[in-house]
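This report covers selected parts of a predicted model.

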Amino acid sequence: MSKKSKDLVSLNHLPGILLASAAECERWIEAGLIPVAERRTFQKRGRAFEAPMFDPEVVAQLAAEVPVWREQGGETLKSAPHGPRRGGEQQPLDDAAHRRRQSVLASVRRNTGLYVAEDIRRTESGRWKPERVFAGYRVVFSKPMQVLPDSPPIDIAIEFAFAEPLEVAAVVLAPARVEHAELAAASEVLEAKIVELRDATFEACAQELASWREELETYLVAYEDPDERQAILGGIQVALEKLDHIHASDKGGPAGAGRKLRQKLDDYRSKAAARRLRHLREAQIREASGYERYAAIFPVARSLNRRFLFLAGPTNSGKTYEALKLAREAETAEILSPLRLLALEHYERMIEDGLPAGMVTGEERVLPEGATHIARTIETLDLHRAVDVCVIDEVQMLGDPSRGWAWTQAMIGAPAKLVVLTGAPEAIPLVEHLLAMTGEPLEVKILKRKGKLRVEGVPANLTKLSRGDAVVAFTRRDVHDLRTRLVAAGRTVATVYGALGPEVRRAEAARFRNGEAEILVATDAIGMGLNIGPLRRVVFSTMRKFDGVRERQLTAMEIKQIAGRAGRFGHHDEGVVTALPDAGAYAQVETVIGNALKGDAAKLRGKAFVRPNQETVLSASEVLQTDRLGRVLRHLNDTLVAGHPDLRMADMEEMIALATLLDTVDMPILDRLSYAMAPVDGREQLAVELLLDWARQHALRGRVHAPDFGVNTDLLKLEARVKIATSWLWLAQRYPDVFEEVEAVVDLRTSLNAKIEEKLVATSVSHRRKPDDKSRRDRGTNTQRQRKNRRGRVEADAGEAKAQRVRGR
């Protein structure tokens, strides 16, 4: 009767039963001396494999046969004897053979001084489990050899894998006892084999090196400039210092080792030449762009004897008022602002003062004939219109990785006799560093804050805020959460955050300024010049913000910029700053805010940000011989100002990503550059898809349809649609003949903004009824319900009576 399947054992149990090694058991199973009871399929690491199972009782009875099997050495086995195998055939690792090979190798190492070892590999092609197999030997030998002309020799190391000679295999695999003389003879055979391989390999390498040097000389003749030839040789020399072992085997033989060495050298030569060509291209691009002498890019500014006045001071110090006064008194002036909203305010103020004013932003141009004073967003600076005074507001934006390039361009290139800077005193070191490039004079005037600013000793209670307080958060979600909680507490709220269009932000600020809203909930957008009126207290909801890369603590400059909006001069004797309990332990928060207000924030130092202009992109495209804008911008990003002592590249990752997508559109590279620079949020999939669609319409038909959006949707979608309409208008300024329906899109954006403002106003006031109103409403509802129930009962009775009459008939 056969053994039950659950009583069988696996191969792992056989060495313990037979008192033999695993390798011996495997050979006896393969020869059929140990019967297999059955084969079973197992699953391991997602792979199926078959393993033999054995009857332990049968195996135990065979234990007495083990000495006989060992003495016979396999002569009576049913399978072929385990003698020497053909060269290159892998053999299961045998303990006895391994010990004999180690004895042979010890003698070879001692006599030759070379590193020689068994080539043991792990394979999963075994019958039922992975196994370690002997594949031959590996030897490493090296020799100093001449590679480059007129250069010292370098060590060439060859790692050679070869099969075990048959004479050696006959000794190490012999089933009977092996004498010491036999092992010594095997060592001599193996040593002779290794010496033969070494000599033949180095001879083949020497021949290949001689041929390669001749080709290298011919190759270098093509370079007329000795410096270029030396640069290529230097690049090869640097690569040779990192030359690793050349891997060879008896499959390719010694000649194969020489060919592999030559392939490596050819690769080093190609890379050195490519590196030199890349350096030449980078030098050509830098020379053509002029970024190595950045100030020379702006010839109009260099033709004027410019001087600089830096009005440095904290928020509420009157620096903007002083700067605008200088601009109004000049015959011609330009005012550069960081936001379209601020440009609009400056424009309207100049119109009120009776000045012939104009306004230029990314998406609109108001330039009446004879305009002498123009308010602009800083990116729209006209580098060719010389004026008497140019005001550059919020100059600390030089340190912004995304937009700082515009302030760098304005400072170095603004064509004005007097350039007036306004901003935080922390920007003074970077301003001085930049002007050292031009050698132009700088006067710094430090302004003090008008009115005191102090930190409250206790945290603020959100439900007990005073009229005129502003609560500051740093995400749209937190702003709406705070707004909802305040409205639920019966307060009227105005809301300002970056995702809102300038018109809505302005309307919300006006509601707060006029007293229609008691509390202002805003992001740090209020820290940059927005006219929010007499604000007495700033309340931080948190002391941390996400800056696009990571969540971090607010910097001292950010705290000063936001907190400084409290205590408007002429309306309040002092400004007050505090925080909500959610911001953390108040003792610590109070200390952080106090230190920021009293001490100096970190100075802006180091290099200024720049971005390639159209001429640079066009030059790089010609030098690189490609019109793939994504590739050109990536090359410029990595190389244009690399190593420059004063400049560094602005963050262009989103622009490069858009350019790579736009490379699928068949249009000139400069047109694709304009689309890649459009104010589109790369995280908004709909906005990116529409941008690509506009580019395709532009390329195919020369005309782009206006977006057609409805206004009846949620707040988030309305905000996204306003941004899309703004992007369309931005492109319309650059391609007026392609984007023709400007008035329709302006009307659409106005409608979207009106709907956003309507929703904000509608949800900014609590609609909870007073208790008296609620009781009257409930009494009225109860009366109606009673009448309805009475009418229902009458109708039910009438229906029942009618049914009864029918049954009676």
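## Helix packing and sheets

A556, I559, K560 and A563 of α17 meet V592, I593, A596 and L597 of α18, where contact means heavy atoms within 4.5 Å. By class, this contact has 7 nonpolar, no polar and 1 charged residues. Here Ala, Val, Leu, Ile, Met, Phe, Trp, Tyr, Cys and Pro count as nonpolar, Asp, Glu, Lys and Arg as charged, and the others, Gly among them, as polar. Helices (H or I, at least four residues) and strands (E, at least two) are DSSP runs, numbered from the N terminus.

Helix α17 spans residues 556-563 and helix α18 residues 586-598; they pack at an angle of about 85°, with their axes 9 Å apart. That makes α17 roughly perpendicular to α18. Angles under 35 degrees count as roughly parallel, over 145 as roughly antiparallel, 65 to 115 as roughly perpendicular and the rest as oblique. Axes are lines fitted to C-alpha atoms, for helices over the stretch in contact, and angles run from 0 to 180 degrees between N-to-C directions.

The model is predicted: local features need pLDDT of at least 70, side-chain atom pairs count only at pLDDT 80 or more, and totals for chains, interfaces and linings use all residues. Residues are numbered from 1 along each chain as its sequence is written, and side-chain values use heavy atoms, with hydrogens and water left out.

An open sheet of 6 strands has the order β16-β23-β20-β17-β19-β18, with parallel pairing. Its edge strands, β16 (452-455) and β18 (493-496), each pair on one side only. The twist averages 20° from one strand to the next. Two strands are said to pair if DSSP finds at least two bridges between them. Within this sheet, β20 (residues 537-540) and β23 (residues 574-579) pair in the parallel sense over 4 bridges, and V539 stands opposite T578 in β23. Helix α17 lies across β16, β17 (469-472), β20 and β23, running at about 140° to β20. Helix α18 also packs on the sheet, touching β16, β20 and β23, and its direction makes about 140° with that of β23.

Another open sheet is formed by 8 strands in the order β11-β10-β12-β9-β13-β14-β8-β15, and its pairing is mixed. At its edges stand β11 (365-366) and β15 (442-446), each with a single partner strand, so one side of each is left without a neighbour in the sheet. Helix α11 (residues 319-329) packs on this sheet and touches β8 (307-312), β9, β12, β13 and β14 (416-423); its direction makes about 165° with that of β14.

| Strand | Partner strand | Bridges |
|---|---|---|
| β6 (residues 154-162) | β7 (residues 246-249) | 4 bridges |
| β9 (residues 333-337) | β12 (residues 373-377) | 5 bridges |
| β9 (residues 333-337) | β13 (residues 387-392) | 4 bridges |
| β10 (residues 357-360) | β12 (residues 373-377) | 4 bridges |

F160 has A248 in β7 as its bridge partner. S337 stands opposite T377 in β12, A333 opposite V389 in β13, and A357 opposite H373 in β12.

## Buried segments

Buried means under 20% relative accessible area, exposed over 50%, and partly exposed in between (1.4 Å probe, protein chains only). In strand β6, 8 of the 9 residues are buried, so the strand is largely enclosed by the rest of the structure. Strand β9 is mostly covered, with 5 of its 5 residues buried. Both of its faces are covered: A333, I335 and S337 lie on one side, and E334 and L336 on the other. In a regular strand the side chains alternate between the two faces of the sheet.

Helix α22 (residues 669-676) has 7 of its 8 residues buried, so this helix is largely enclosed by the rest of the structure. The buried residues are I669, D671, R672, L673, S674, Y675 and A676. They pack against α19 (614-624), α20 (629-639), α21 (653-662), α23 (685-701) and α24 (715-734).

## Single residues and cysteines

T361 is in the loop between β10 and β11 and counts as buried at 3% relative accessibility. Leaving aside neighbours within four places in sequence, T361 is in contact with R340, A343, T377 and T380.

D714 is found in the loop between α23 and α24. This residue is partly exposed, with a relative accessible area of 35%. The C-alpha atoms of D714 and K755 are separated by 9.8 Å, and the two residues are 41 apart along the chain.

C25 counts as buried at 0% relative accessibility, and C205 is also buried at 0%. With a disulfide taken as a pair of cysteine sulfur atoms within 2.5 Å, the count comes to 0 disulfides.
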